[in-house]
Amino acid sequence: MLDRLSWCWRLWATAVCFTCFGVGGFLLWVLVFPMLSLLVREPAQRSQASRWLIHQAFRLFVAMMRGLGVLSYEVHGLDRLSRPGLLILANHPSLIDVVFLISFTHRADCVVKAALLSNPFTRGPVLAAGFICNNGGPSMVEDCIASVRRGSHLIIFPEGTRSVPGEPLRLQRGAANVAVRGDIPVTPVVITCEPATLTKGTPWWQIPDRRPHFKIEVQGDLLTRDLVSGCASDALAARRLTDYLSNYFTAEICRDC
C-alpha cells in the first residue's frame, strides 16, 4: 500500500515538475529574455547573462525534483568543473542529463538538437544563450572549438541522442572532431541511473516502481594528443578517439552495474 502511494505521489510530482519546466521556459522566452535584450545591448554579454539565468533556473529545477521526491542524485568530482574552457563529454541515459550538467556549470554552452528551436518551451533559452545547434554543418566544429577557447564549458553528448537501454553505445564522431581539431583535452562525465527513467522512447508518465537515483561522476581529463598520437590525419584521429571513448564510457558504466 505504501509503495503504491509513493508511486502515485511521484507521478503527480513528475507532472508538476514537467509543467513548471515547460511554463518556465515559455516565460523566459516571452518575458525575461526580451527584457534582457533591452537592458544588455552587447551580444556576448547578453549571451553570458542568459546562460547564467538558465544555470540558475536549472539549479532550481533540480532542487525541485529532489525536494518533491521525484529522484535522488549524487555527484563526484564536481571541483573539476571549476576550471574554464572545458570540453565536457557525457553519456546520455536520460532526458534530464543536460539539466543536471548545466545546473553544475556556471559558463555552460552546449550542442543541442535543431528541433529545440521549433519547441516553444525551449526555443527562447536556446536562442538567448546562443547554444550551438547540431545542424550547423562543417562550421559547427569550429564554433565548438571557439566556444571552449573563449572559456566556456562546452557540453556534448557524443551519442547525439539518448542511449537505448540494453544496447551498446553508439557514439558519433562530431565530439571527437572537436577534440582533435582543437587539440582540446576531454573532461568525461559518466552518468548512471538506477532504475532507468526518461529513457529514449519512454514518455514522462511511465515512471519506475521506485525512486530513480542518478550518479554523476566527473572524471579526470583525457589528453586527446596522447590518445591519437601517430594518426596520419584528423579523420583517422577522430575515428580512433571515438572508438576509445566508446570503450571508455562502456567500461565506466558497466563498473557501476
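**Salt bridges first**

Modeller: Start with Arg51 and Asp109, whose side chains meet in a salt bridge at 3.5 Å, N to O. Arg51 sits in helix 2 and Asp109 in strand 3 (residues 108-112), so this pair ties together parts 58 residues apart in sequence. Before we go on, this is a predicted model, where local features need pLDDT of at least 70 and side-chain atom pairs count only at pLDDT 80 or more, while totals for chains, interfaces and linings use all residues. Residues are numbered from 1 along each chain as its sequence is written, and side-chain values use heavy atoms, with hydrogens and water left out.

Biologist: What counts as a salt bridge? And how many does a search of the whole structure find?

Modeller: You need a side-chain nitrogen of Lys or Arg within 4 Å of a carboxyl oxygen of Asp or Glu. The search finds six. One of them joins Asp221 to Arg83, with the closest N and O atoms 2.8 Å apart. That pair links distant parts of the chain, 138 residues apart: Asp221 is in the loop between strand 7 (213-218) and helix 7, and Arg83 in the loop between strand 1 (72-76) and strand 2 (86-90). Another joins the side chains of Glu194 and Arg210, at 2.9 Å, N to O. Glu194 is in strand 6 (residues 186-194) and Arg210 in the loop between strand 6 and strand 7, so here the parts tied together are 16 residues apart in sequence.

Biologist: Next one: are Arg51 and Asp109 buried or exposed?

Modeller: General idea: buried means under 20% relative accessible area, exposed means over 50%, and partly exposed is in between (1.4 Å probe, protein chains only). Both Arg51 and Asp109 are buried. Asp221 is partly exposed at 33%, and Arg83 is partly exposed at 32%. Glu194 is exposed at 51%, while Arg210 is partly exposed at 48%.

Biologist: How do I check the length of a helix?

Modeller: Take 1.5 Å times one less than the number of residues; that's the expected span. Helix 1 (residues 2-39) has 38 residues and should span 56 Å, which agrees with the 51 Å between its end C-alpha atoms. Now try helix 8 (residues 234-255): its 22 residues should span 32 Å, and the end C-alpha atoms are 31 Å apart, which agrees.

Biologist: Where does helix 1 bend?

Modeller: At Leu28, by about 45°. The bend is the angle between axes fitted to the seven residues ending there and the seven starting there.

Biologist: Which residues of helix 1 are buried, and what do they pack against?

Modeller: First, the rule: an α-helix has 3.6 residues a turn, so residues three or four places apart point the same way. Now look at the buried residues of helix 1, among them Trp7, Arg10, Ala13, Thr14 and Cys17. They pack against helix 2 (43-67) and helix 4 (123-129). In helix 8, the buried ones include Ala237, Ala238, Leu241, Leu245 and Phe249. Their cover includes strand 2, helix 6 (174-182), strand 6 and helix 7.

Biologist: How do I read what a single residue touches?

Modeller: Contact means heavy atoms within 4.5 Å. Ser103 lies in helix 3 (residues 97-104) and is buried at 6%. Not counting residues up to four places away in sequence, Ser103 touches His55, Phe58, Arg59 and Val62. Leaving aside neighbours within four places in sequence, Thr197 contacts Pro93, Ser94, Pro208, Pro212 and Phe214.

Biologist: Give me one from helix 7, please.

Modeller: Leu227 is in helix 7 (residues 224-227) and is partly exposed at 24%. With residues up to four places away in sequence not counted, Leu227 touches Leu222, Arg240, Leu241 and Tyr244.

Definitions and conventions. Helix = DSSP H or I, 4+ residues; strand = E, 2+ residues; numbered from the N terminus.
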